[in-house]
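Here is a short note for a first look at this structure. Please keep the view open while reading the points.

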Amino acid sequence: RRLLSGAAGASQPAPPAAAVTLQDLLAKAKPVVTLDAQADAGQVVSKMAAEAASSVFVEDKGFIVGIINEKCVVHHADEVGGELSNLRASDIMEPKIRYGSLSSSVRDSLEILNESKQDHLPILAYSSGAAVGDAEAPIKAEHAKVLDVTAIISAKQIIGQFYFDTIGAFPEEMTSEERFNLESEALKALKLPTVKNLMKTKQQRSEEKGPLGTMVLNTLVEDEISVAEAIRQMNKYNKGSVAVMEICRDVPILKGIVTEQDIVRRALAIGLDVHETPVVEIMSCSNLATVTTKETLLSCAFKMVDCNVRHLPVVSPKGTHVLAMISSKDVVAYFCEAWDK
């Protein structure tokens with residue numbers, strides 16, 4: 001086994017997979033970014049863009065009282081029509097935060113992320129007085145001190161470590177066929193679903209939710225709509241991204257993808273009018289990472305890390321029609337479900 005480092009393609013000796021902890025992954029973690037609770041939401045957006053941070057901590061007198069991620073920003077941007085300056089950080093933050101510790105294992109960390117539905121896991125330097133837990137009872141600190149938090153690590157990075165621990169080799173050491181075979185073996189051993197099975201399960205859960213459709217497989221928007229409408233679609237269906245389609249001879253063709261991060265950094269942070277700006281101006285379209293229904297959940301994990309993305313459109317065999325969207329939260333959830341079984 002090897003340990004992923006912060007540099008792409010680099011590796012170094014690491015403890016056995018079962019012993020890898022967040023302490024070992026600190027090289028991939030990001031520094032803590034904080035803002036005062038009384039800062040306005042416009043300052044929050046500027047800070048996120050300037051620091052390339054997907055999450056910022058809200059502090060009050062040296063204590064962390066909440067966290068703001070891109071979803072928080074996009075949700076409230078919809079409510080105020082993109083005019084965030086009248087809101088305070090304390091108005092848009094999420095007050096409940098789940099933490100990991102330096103001794104948390106990769107598996108424990110994924111379990112915490114799944115339970116909390118967080119995209120990032122703050123790492124406490126030690127078990128402070130708020131609450132102490134082990135693998136069975138993860139740390140829950142409502143008001144940790146800013147100095148208690150060592151770093152913050154993304155779900156994607158933890159997924160990546162789990163992937164390499166699972167297949168036991170690195171992509172640069174094998175051909176695509178060898179990687180596929182190792183993924184297939186691990187898939188059977190762990191009883192992980194294929195993308196096709198994952199889509200089927202998501203569809204069933206969507207139907208169980210009723211007509212509201214908050215768990216729809218995918219959200220598609222046409223390339224002519226505004227950023228504001230894309231924001232409304234994301235919030236309506238509780239999605240972190242939308243697939244942007246171009247209608248060609250009545251056939252929708254994948255043109256790009258817009259994520260919450262794109263909206264925060266490419267629109268709100270630079271003051272674009274979300275009502276007048278077409279979604280094509282902020283979408284990601286070059287080197288778009290996609291998967292097909294024949295691929296495995298482990299393949300999704302690999303592509304998210306390799307391409308540095310949190311969302312993967314599931315496309316038809318010809319790669320034009322979007323069937324669903326797989327997020328890093330989906331990958332985390334199905335890893336954890338496999339363990340429970």
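1. Helices (H or I, at least four residues) and strands (E, at least two) are DSSP runs, numbered from the N terminus. Just after α6, K191 has a positive phi of about 60°. This is a predicted model: local features need pLDDT of at least 70, side-chain atom pairs count only at pLDDT 80 or more, and totals for chains, interfaces and linings use all residues. Residues are numbered from 1 along each chain as its sequence is written, and side-chain values use heavy atoms, with hydrogens and water left out.

2. Helix α6 covers residues 176-190. Its buried residues (under 20% relative accessible area; exposed is over 50%, partly exposed in between; 1.4 Å probe, protein chains only) are R179, E183, S184, A186 and L187. They pack against α5 (155-167) and α10 (297-307), where contact means heavy atoms within 4.5 Å.

3. The charged end of R179 sits over the ring of F302, 4.0 Å from its centre. The rule asks for NZ of Lys or CZ of Arg within 6 Å of the ring centre and within 35 degrees of the ring normal.

4. Rings of Phe, Tyr and Trp (its six-membered ring) pair if their centres lie within 6.5 Å; planes under 30 degrees apart count as stacked, over 60 as edge-to-face and the rest as tilted. The count is three aromatic pairs. F162 and F335 form a tilted one, 4.5 Å centre to centre with 50° between the planes. F162 is in α5 and F335 in α11 (residues 328-340), 173 residues apart.

5. Y163 and F302 also form a tilted pair, at 5.7 Å and 35°. Y163 lies in α5 and F302 in α10, so the pair ties together parts 139 residues apart in sequence.

Technical notes
Expected span 1.5 Å × (residues − 1).
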